[in-house]
Each structure stands twice: as C-alpha cells, then as structure tokens.
Amino acid sequence: MEMKNESELYPGNFIRFLGTAGTRFVMLSQRRSSGGIWFSYGGAMGVIDPGPGSLVQICAASPPLSAIDIDTLILTHRHIDHSSDLNVLVEGMTLRASEPRGRVILTEDCLEPGDSVILRYESRRVELIHTHADEARTEISNRVSVESVLHKHHGVQCYGLIFRGDGLPSWGLISDTVALPNFSARYSECELLVINVAMPLPRARLDHMSIPDVESLLQALYPKLAIITHMGGFLLDMGPEEIAASLSTERTSVAAAQDGMVVDLEAAGGLAGLHRGGAMRSPRDFLRERPNIYQGLKIL
Ligand SMILES: [Zn+2]
C-alpha cells in the first residue's frame, strides 16, 4: 500500500480521509477536519462516520468526489463527530433515484425512537438500513462484505469494521473504543488497519485508544500498514507523524493520517519512506520528552 499524490487520479480501490479530527475540541475548532473516511472498494462507494464538514470535504476533494455516487453510509456510533452529516449524505445518495436507494449501517441506538440520528423522511429514501451485530457480515456489493466488531465506548453502542472483497486486500477500522483483548484475533486478516487514537496516553473514564495501546496491539497483530487518525489536540501538538513512525515494527509501517490523505488499498509494499534512518525512539520516549503537556498523566 502507498499514499498517493493528490494530483493523480484515484486508484481503483482506495480510502480518502475526509477528516482526521478526534475530540470535541479539535472538531469544534476544525484544526483538523471531521468528515470521516471515504472508501471505494470492490465496487462499493461510501463514507464511514460522516461528521461535521463531511459533505464540504467531499465537494472540496481533488480529484473530485461526489456525494451522488455514494451507495453505502456507515456509522460506527452515534456521537455527533461521527454522524452529523449523515442526513445530507443520504440526500446525495438518493438524489437521482426515483426508488429508495443505497444502504445505511448503524447501531441500534442510532434509531432510538424520538432520538434517531436519521430523519424519518431521509430514512424512507434508503433501500436498506442495517444495524450492527457483533461478527455479523453485511454485504455492501456483490463482491464486498463489512463485518461489525463490538467495541466499548462511553455511553453508546459502537462497532469497528472489517472490509472483505473478492480478490482484494482486507482492511479494517478500529473506531472509538478502549483496547479490547480480542482485537488482535478479530483484525488479523487486515492488511490495512485504521485506528482511532484520540490521545497519547490512556486516561481513566475515556474509552479511547492511546499510543501505548497501539504499541501493544502491534506486538500481536501485523497489518502491512496501520494508520492512526481521529487525533485529539495533545496528540496533534506532539507531532503524530513522528510518533507514528516510532510505532512502526518490522512487519508494520505506521503512519499518521492527514486530512485529504489517500491510501491505495491494492498497492503492495507498505510505507517504507516513513521509516527514518538512525535509532528509532520508542513512543514512550516521545511521551517522556514532553512532560509539561502531560502533567497529571501517568506514563505507563
Ligand atoms: Zn465517540
């Protein structure tokens, strides 16, 4: 897999980061965009977690993308930074259709009566609405399925995703969650793993992955490429690119996502360019070197 220059045409199967913001502060300031992830994979085209600005990022994308081409919309959970643009993207997905079109995959609590994240009149325009169930595989094209992976995230139902396509590399998303012991087994087929990492260090009561969680996970799980995204302000202050590079192992290249980054899902080889010469510092060293930012937090 490799990252593409924006001026080229899109590869046949790719993801594009419409946003890389994590935490409310980063979302509200739009220090990073919060549009989720666009995917084109095995004939399916869609957006995962269309947060604030998702439509704007689609319209601003170069090469162009269009909400009208979407056939699948997936929410990993209902939090506003993952769901706010769902209805406008349903509008795009169904614009040209005289009959209900496309599918939406979301959690059951997204459809709570009286508190649904999808407006009733928009939901009527959608052909299929699926709710996540752990280990369930939902077909999103005749070549592609998406498996739901149960997560643990404060106050809401939340699921990660594993995409499988005939003759295509599998890839996955670990969304907002604490690190769960079954992740290494569940995601073992993925050649690309995108991981929401909101903060540098674990914090009590915050159900998010942290840098040491990724480090531990990559001892047991070996995707060719892992990309951290959904980053909070502390992590962005620290330079996520360097931290990501320090997480790389012999088997896995690790990169930090940037807004607009495109990843070719089929290109072989990983991200050798991100490995730096000389001695690699461990992620823990990075954290120790910035004690002021982390007063009151413990380095594990
Ligand atoms: Zn969340």
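Colleague: Hi! What share of the 300 residues in the chain do buried residues make up?

Modeller: Buried residues come to 47% of the 300. A residue is buried if 20 or more other C-beta atoms lie within 10 Å of its own, exposed if 12 or fewer, and partly exposed in between, with C-beta atoms placed from the backbone. This is a predicted model: local features need pLDDT of at least 70, side-chain atom pairs count only at pLDDT 80 or more, and totals for chains, interfaces and linings use all residues. Residues are numbered from 1 along each chain as its sequence is written.

Colleague: Thanks! How many helices and strands does the secondary structure come to?

Modeller: Ten helices and 16 strands. Helices (H or I, at least four residues) and strands (E, at least two) are DSSP runs, numbered from the N terminus.

Colleague: Which residues are buried in helix H7?

Modeller: In H7, residues 211–220, they are Ile211, Asp213, Val214, Leu217 and Leu218. Down the axis of H7, its buried residues fall within an arc of 150 degrees (taken from the directions from the helix axis to the C-beta atoms), so they line one face of the helix.

Colleague: And what is exposed on the other side of H7?

Modeller: Gln219 and Ala220 are exposed there.

Colleague: New topic: where is alanine 267 found?

Modeller: Alanine 267 sits in the loop between strand E16 (262–264) and helix H10 (283–288).

Colleague: Why does alanine 267 count as partly exposed?

Modeller: Because it has 17 C-beta neighbours inside 10 Å. The C-alpha atoms of alanine 267 and asparagine 13 are separated by 9.4 Å, though these residues are 254 residues apart along the chain.
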